[in-house]
Amino acid sequence: MLEFQNWIVWDALGFPVRLIMPAHYTILCFAKGQSRPLPGLVRVHKEVVSERDALEAEALEALAPGFCLRSSCLKSRRSAGVQDKEPLTDLWNDIHRVKHNSRRVDHPCLLPPQLMHRLISLFTERNEVVLDCFNGAGTTTLSAAQLGRKFIGIEVSERYHTLAQLRHAELSLGMDPFRKQERALSAKNSRVPRMPKQDYVILKKTLQLEVKRVAELLGRLPTREEVRRLARYPIEYYNSYFASWGEVCAAARNGGMSETRKTSTDQSISETQLAFGDLGG
Ligand SMILES: C[S@@+](CC[C@H](N)C(=O)[O-])C[C@H]1O[C@@H](n2cnc3c(N)ncnc32)[C@H](O)[C@@H]1O
């Protein structure tokens, strides 16, 4: 018998398919037989001694809403000692879906390893068995292996099964199976045109914040012509750095990035700890 345990909402924006933007995935959790206290919540870590301990501990830490998920922003907040964590709830909005069309392994619907790390850390103990009946390129079984769990992966496609096996071999050689791959970028899985890789004279983030300033002046999102007239940076930067006008205006929309973010104690955080709502680019 299965016993209902948790209903988790993973807030991860997808492409609009029909009329409503699919903005979350539901993760329904059932226990086989009587449920037990969640291992990840009752586990007492003596101290973090191995990479595995660190991965497990990190997977169970939730980022407070509004903070940027980019690793550079995470790093700069860490070095500035900013408290950006909050207790884990059943609403997960700090894990971004895998962006295809970047240097990921060639599978059309990969799950992010961070999601699997959190689920496995939360629901299982070391040496327990993790089963994924639709293992694809192996995100689940690789995550399980990294966390010291046993694993079984089932996959109908020989191609994806071979890919998963290769990645497991890499992991056992000490390589990161989730690293970016050295392969040419393609537009295969994305409707968004990809910009060529380039060095930015002005940070894209700075350009977007300038558009936000213009939007505040006007009381609405600016047109390209208005940005040309009113922004402090030449319009050429916007033309060459951004794939769409939507991306230019990302920071100016509600929920976009802001230079300051009020904390619960009403302190504000400086630009180095920028809250950044749009992960595009
Ligand atoms: C959503 S993908 C899983 C991707 C995986 N989570 C990852 O990150 O690599 C679903 C996978 O299930 C496989 N699949 C579909 N039907 C199956 C079946 N009847 N038995 C086993 N695998 C199946 C597909 O080939 C596909 O790779």
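1. Axes here are lines fitted to C-alpha atoms, for helices over the stretch in contact, and angles between N-to-C directions run from 0 to 180 degrees. Helices (H or I, at least four residues) and strands (E, at least two) are DSSP runs numbered from the N terminus. The model is predicted: local features need pLDDT of at least 70, side-chain atom pairs count only at pLDDT 80 or more, and totals for chains, interfaces and linings use all residues. Residue numbers start from 1 along each chain as its sequence is written.

2. Helix H4 (residues 113–123) and helix H5 (residues 139–146) have axes that come within 9 Å and cross at roughly 55 degrees. H4 is therefore oblique to H5; angles under 35 degrees count as roughly parallel, over 145 as roughly antiparallel, 65 to 115 as roughly perpendicular, and the rest as oblique. The crossing of H4 and H5 is right-handed, a crossing being right-handed if the near helix is turned clockwise from the far one by less than a right angle, and left-handed if anticlockwise. Pro113, Met116, His117 and Ile120 of H4 make the contact with Thr139, Thr140, Ser143 and Ala144 of H5, where contact requires C-beta atoms, placed from the backbone, to lie within 7 Å. This contact of H4 with H5 has 4 nonpolar, 4 polar and no charged residues. Ala, Val, Leu, Ile, Met, Phe, Trp, Tyr, Cys and Pro count as nonpolar, Asp, Glu, Lys and Arg as charged, and the others, Gly among them, as polar.

3. H5 also packs with helix H6 (residues 158–172): their axes come within 10 Å and cross at roughly 20 degrees. H5 is therefore roughly parallel to H6, and their crossing is right-handed. Thr141, Leu142, Ala145 and Gln146 in H5 meet Ala164, Arg167, His168 and Leu171 in H6. By class, that contact has 4 nonpolar, 3 polar and 1 charged residues.

4. Helix H2 (residues 51–59) packs on H4 at an angle of about 95 degrees, with the axes 8 Å apart. H2 is therefore roughly perpendicular to H4. From H2, Leu55, Glu56 and Ala59 meet Gln114, His117, Arg118 and Ser121 in H4. The contact of H2 with H4 has 2 nonpolar, 3 polar and 2 charged residues.

5. An open sheet of 3 strands has the order E2-E1-E5, with mixed pairing; two strands pair if DSSP finds at least two bridges between them. Strands E2 (24–32) and E5 (91–92) are the edge strands, each pairing on one side only. Strand E1 (residues 2–11) pairs with E5 in the parallel sense over 2 bridges, and Val9 stands opposite Leu91 in E5.

6. Around the ligand there are 15 residues, of which Phe134, Gly136, Ala137, Thr139 and Val156 come nearest; a residue is near a molecule if its C-beta atom, placed from the backbone, lies within 6 Å of it. The shell divides into 8 nonpolar, 6 polar and 1 charged residues.

Technical notes:
Contact = placed C-beta atoms within 7 Å.
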